[in-house]
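Q: I would like to learn how to read a strand and a helix pair. Please show me the structure first.

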Amino acid sequence: MKRQNQSTDFSRRKLLKFLAGATVTVVLASRVGSKLAFPEPVVAHPHEMTPDEALQRLIEGNKRFVNGRTNNPRRDMVRIAEVATAQKPFASILTCADSRLPAEMVFDQGFGDLFVCRVAGNVATPEEIGSLEYGTLILESKVLMVMGHERCGAVTAAIKGGQVPGQIGSLIDAIKPAIKRAENQPGDKLANTCKENILLQIENLLASPVIAKLVDEGKLKIVGGYYDLDTGEVSLVS
Ligand SMILES: [Zn+2]
């Protein structure tokens with residue numbers, strides 16, 4: 001009997017918590033004065049999510065973004081308080097430092113949802129690999145996406161070759177193998193190289209025994225994404 005009461009009490013608390021969340025969503029929607037945002041499906045706690053579910057959550061968020069139906073979720077003081085002392089991001093993302101692809105906006109996510117490394121050319125060099133080992137092994141993200149993009153300046157510079165100032169050359173060195181892989185492909189050389197670079201950096205990440213083990217155990221999915229600067233759409237690259 002006692003157990004049943006506890007269970008009922010727990011359900012009531014969950015319901016109240018849900019209603020509080022719903023109120024915040026409605027308040028936010030009315031504050032922005034736009035059409036009522038499309039509610040996100042009820043999602044599992046990040047650590048209960050499967051890698052496929054985590055990827056689906058990214059894809060659905062990007063669809064909302066592309067269709068102009070963003071929820072801008074978990075971007076309020078309630079959420080900031082919720083994640084102030086701990087984070088459980090469901091996805092880790094390695095993407096370009098380019099100012100036109102902020103991951104939380106592109107995937108319509110909020111605070112504490114994404115563990116993001118941004119570096120020109122989305123290169124997986126030791127610091128990025130270490131960061132993403134942390135994001136996947138310690139924080140337990142379920143999906144790791146390498147997101148490159150159309151007309152990437154770093155890839156363009158790598159294709160162009162020649163002298164570059166400062167330490168920009170280190171980025172170019174990390175991208176160079178992708179140029180060779182794309183050289184005999186039909187179609188647009190820059191787009192092909194950007195996509196090959198995504199696959200190359202996935203290989204670099206999989207060379208990490210930490211990340212490879214998580215993938216082998218089915219705890220993590222690693223995917224490539226290609227961001228279209230014209231439409232905002234992220235398509236999967238394989
Ligand atoms: Zn770029």
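Q: Which way do the residues of strand 1 point, and are they buried or exposed?

A: Buried means under 20% relative accessible area, exposed over 50%, and partly exposed in between (1.4 Å probe, protein chains only). Strands (E, at least two residues) and helices (H or I, at least four) are DSSP runs, numbered from the N terminus. Here Ala91, Ile93 and Thr95 point one way from strand 1, Ser92 and Leu94 point the other way, and all are buried. The model is predicted: local features need pLDDT of at least 70, side-chain atom pairs count only at pLDDT 80 or more, and totals for chains, interfaces and linings use all residues. Residues are numbered from 1 along each chain as its sequence is written, and side-chain values use heavy atoms, with hydrogens and water left out.

Q: Which strands pair with strand 1?

A: Two strands pair if DSSP finds at least two bridges between them. Strand 2 (residues 114–118) runs parallel to strand 1, joined by five bridges, and Ala91 stands opposite Leu114. Strand 3 (residues 143–149) also pairs with strand 1 in the parallel sense over five bridges, with Ile93 opposite Met145.

Q: How is the packing of two helices described?

A: By the angle between their axes and the distance between the axes. Axes are lines fitted to C-alpha atoms, for helices over the stretch in contact (heavy atoms within 4.5 Å), and angles run from 0 to 180 degrees between N-to-C directions. Helix 7 (residues 168–182) and helix 8 (residues 189–206) pack at about 125°, with axes 8 Å apart. Helix 7 is therefore oblique to helix 8; angles under 35 degrees count as roughly parallel, over 145 as roughly antiparallel, 65 to 115 as roughly perpendicular and the rest as oblique.
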